Amino acid sequence: MQLEVIGVGGAGGRIADAIAAADARGAEDGATPSFVGTAYAFDTDGEAVTALESIPVARRHRYGETIENGLEGNLQEGFATGEEYADELSRQLDAGQPSIADAFLVCVGLGGATGGGTVPALVSNFQRLYDAPVYVLATLPARSELEESADDRLEPRAGGGNATPDREDVRQVRPFAEENAVRTLDRLDGLADAVLCFDNDAWVRDSERLHDVRDRLNADLATRVQAFFAAVADDAGGTPQAESVVDASDVRRILGSETAVATIGYGSQQVETGGGSRFGLGIFASREHVDTGEAVRAVETVIGKALRGRLTLDCEPQAAERALLLVGGPPAWLNRQAIADGRSRLESETGSAAILTGDAPRPEGESVFAVVVLAGVGSTPRLEALREGTRPLENRRGRERDS
Ligand SMILES: Nc1nc2c(ncn2[C@@H]2O[C@H](COP(=O)(O)OP(=O)(O)OP(=O)(O)O)[C@@H](O)[C@H]2O)c(=O)[nH]1
């Protein structure tokens, strides 16, 4: 499946960059089919786009030249900027092949103003211009961002003890991040076909600051995005030897077109492939004999990890209206019965009959993996808490407006 990947704002750009990097690595070592058509990064912050590594410079676009260093959390300004620049940004996609994309994946960190402000107008434009679905990949803010910690205040500065926070530190404290996130989600309602969520709060450990670990988080997220979309067949002939092919229209059915929230689970395990891989010997891996019991255990293990490990957004499987299971790896390891059992397990854990299963043979692969996509998960505890946390403020504003 081919995606146009568009990162907007600081987080969006970095996540799109991490996805582009994963795609390039997969294509280079021949283990994973490429799934990124063209990747773009759009930001009001010139420094942030300059710092990217994998998206070609010509596909990075700084907009809003009069805005000096990003919008620093002012979402109202963000929405106005988004409306103003959506056409300019949409035109950037003419450099790629948007008309043949199977879908658009718009990446954004909810909580800021640039990405959260621009993405609704951009998604609306894409819906008008193209037939393919527009999925939003959105991070939810970490609670630790909401206020400055004592550590931040006391942290010694290089060159001698000045506790005045620099610009980067100031931007790590986002008191309105949750409120902004909810407002952007509300704006996306009815515009995006689906919203794939990644909850920063659940992925940052207590002792860590998001800023310090964001590359790790982005790489983890990119791994999941790649495992999912690269396992979906292209129109151009399907995944080689897949017994059960899932294509872009199946993904469309699972993710839906009504801005359903989706979450991704992932598990992988290295397996013995008889030494073949990079140098074209991988074909032997697909032919070699693999002990059936071992193959069954590997498939069961990765499906268990995908279902019971950490999801990109925590939820109970039974909250899902629809679900997709993709199992990939060296063909000899893809035990059909174990995959069928995984499907039954997914059916019973979600209680949903709307389940699709596919396999993704990777002759050059050295691990077995499973991706579970739970879609239509509704209001998860985390999303509810976000909305609850921001409600008093909204009510207060409502009352202020009314008075
Ligand atoms: N996973 C992840 N989350 C990030 C990253 N950077 C920022 N975030 C999250 O995304 C939210 C928005 O931050 P940015 O994307 O930098 O903000 P922006 O859209 O550029 O908007 P302004 O800085 O307000 O102009 C933050 O509140 C964080 O929760 C990142 O690299 N990875």
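The model is predicted: local features need pLDDT of at least 70, side-chain atom pairs count only at pLDDT 80 or more, and totals for chains, interfaces and linings use all residues. Residues are numbered from 1 along each chain as its sequence is written.

**Confidence.** The predictor gives the complex an ipTM of 0.99 and a pTM of 0.90. Mean pLDDT (the predictor's confidence in each residue, from 0 to 100) is 88 for the protein, and 85% of its residues reach 70 or more. Residues 153-167 have pLDDT below 50, with eight contacts in the model beyond near neighbours in sequence. Contact means C-beta atoms, placed from the backbone, within 7 Å. Residues 393-403 also stay under 50, with one contact beyond four places in sequence.

An unreviewed UniProt entry annotates Ala113, Thr114, Gly115, Glu145, Asn200 and Asn218 as "binding site". UniProt positions follow the numbering used here, feature names are shortened, and annotations may be inferred rather than shown by experiment.

Ala113 sits in the loop between β4 (103-109) and α4 (114-129). Asn218 lies in helix α9 (residues 210-230). Helices (H or I, at least four residues) and strands (E, at least two) are DSSP runs, numbered from the N terminus.

Buried means 20 or more other C-beta atoms within 10 Å of the residue's own; exposed means 12 or fewer; partly exposed is in between; C-beta atoms are placed from the backbone.

| Residue | C-beta neighbours within 10 Å | Class |
|---|---|---|
| Ala113 | 26 C-beta neighbours | buried |

Leaving aside neighbours within four places in sequence, Ala113 contacts Leu71, Glu72, Gly73, Asn74, Leu75, Glu77, Gly78 and Asn180. Asn218 touches Arg14, Ile15 and Ala18, not counting residues up to four places away in sequence.

Notes
Contact = placed C-beta atoms within 7 Å.
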